[in-house]
Amino acid sequence: MRILLVEDNEDLGEAIEKRLRSAGHSVEWVRDGNDVLPTAEAEPFDAVALDLMLPNRDGISLIAELRRHKFNAPILVITARSEIDDKVSLLDLGADDYLVKPFDLRELEARLRALLRRTGGQASSTVSVGNLELDLAGLNASVAGKALELGRREFRLLEILVAHAGKVVAKERLMNQLFNFDENVSVNALELHISRLRKKLEAANIEIGTVRGVGYVVRVSDG
């Protein structure tokens, strides 16, 4: 996932960013309320983790403004227990879920995954294409029941392609979702991950096809 993190507390923000990045997600961390809308409009995001108490802007007004600007990604609100009375207003304004401080970072990541499944119309954390199965919660993959050894980015890359099985996913989108904003990487890094995945999927009845000049597509093999 490509996640917009909005949190002004340095310790909490750093902990969340580290947790999400270690799980293979791309994170853009914003600390000031005035920077949220410009950042959200500048780049595509899969989800937002938004603290309510921010410098210069409050989270509730930001949720309403984001939705007015047709920002459709799910929003997970991070809130103090004293602010819990606002939960109805939060949901009415366009928030998708909320998490009360203090919380386990594993729960934060699980809530974000659940929001992505919900908005994508997917009820289960398990996705299958051909004889390939991905467990999105456990970050495990298997082919015909046999476990695959995948790195974090290999898994995320496969997850994105499988989520759009049969459709071409642009290289630019893959680059944006796989690599963090502050990483100086070239498209060669993406091509290397694709090459490694193809070798590991030799026993699968799916293939990762190349659409030259555009991107890649996962499809069930004919053979």
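This briefing walks through the sheets, helices and loops of the structure shown above. The model is predicted, so a local feature needs a pLDDT of at least 70 and side-chain atom pairs count only at pLDDT 80 or more, while totals for chains, interfaces and linings use all residues. Residues are numbered from 1 along each chain as its sequence is written, and side-chain values use heavy atoms, with hydrogens and water left out.

The protein chain has eight helices and 12 strands; helices (H or I, at least four residues) and strands (E, at least two) are DSSP runs, numbered from the N terminus. Of its 223 residues, 45% count as buried, where buried means under 20% relative accessible area, exposed over 50% and partly exposed in between, with a 1.4 Å probe and protein chains only. Among contacts between residues at least 6 apart in sequence, 56% join residues at least 24 apart; contact means heavy atoms within 4.5 Å.

**The parallel sheet**

- Five strands make an open sheet with parallel pairing, in the order β2-β1-β3-β4-β5; two strands pair if DSSP finds at least two bridges between them.
- The edges are β2 (26-30) and β5 (97-100), each with a single partner strand, so one side of each has no neighbour in the sheet.
- From one strand to the next, the twist averages 20°; axes are lines fitted to C-alpha atoms, for helices over the stretch in contact, and angles run from 0 to 180 degrees between N-to-C directions.
- Helix α1 packs on this sheet and touches β1 (2-6), β2 and β4, with its direction at about 170° to that of β2.
- Strand β4 (residues 75-79) is largely enclosed by the rest of the structure, because five of its five residues are buried.
- Side chains in a regular strand alternate between the two faces of the sheet.
- In β4, I75, V77 and T79 point one way and L76 and I78 the other, and all are buried.
- On one side, β4 is joined in parallel to β3 (residues 47-51) by four bridges, and V48 stands opposite I75.
- Four bridges also join β4 to β5, again running parallel, with T79 opposite V100.

**Helix α1**

- Helix α1 (residues 10-22) has 13 residues and reaches 18 Å from first C-alpha to last, close to the 18 Å expected at 1.5 Å a residue; the expected span is 1.5 Å times one less than the number of residues.
- Its buried residues are G13, I16, E17 and L20.
- Seen down the axis of α1, these fall within an arc of 100°, so they line one face of the helix; the arc is that of the directions from the helix axis to the C-beta atoms.
- D11, E14 and K18 are exposed on the other side of α1.

**The antiparallel sheet and a hairpin**

- A second open sheet has four strands, paired antiparallel in the order β6-β7-β8-β9.
- Its edge strands are β6 (126-129) and β9 (146-148), each pairing on one side only.
- The twist in this sheet averages 25° from one strand to the next.
- Strands β7 (residues 132-135) and β8 (residues 140-143) run antiparallel and are joined by four bridges; E133 has S142 in β8 as its bridge partner.
- Helix α6 (residues 152-163) packs on the sheet, touching β6, β7 and β8, and its direction makes about 115° with that of β7.
- Elsewhere, β11 (residues 206-211) and β12 (residues 215-220) pair in the antiparallel sense over six bridges, and E207 has R219 as its bridge partner.
- Three residues lie between the strands of that hairpin, where G213 takes a positive phi near 80°.

**Individual residues worth a look**

- R113, found in helix α5 (residues 105-119), counts as buried at 15% relative accessibility.
- The C-alpha atoms of R113 and L136 are separated by 8.0 Å, with the residues 23 apart along the chain.
- A cis peptide bond joins K101 and P102, with omega about -10°; P102 sits in the loop between β5 and α5.
- N56 lies in the loop between β3 and α3 (59-68) and has a phi near 75°, a positive value in a residue other than glycine; N56 is exposed, with a relative accessible area of 56%.
- A144, in the loop between β8 and β9, has a positive phi near 55° without being glycine, and A144 is exposed at a relative accessible area of 61%.
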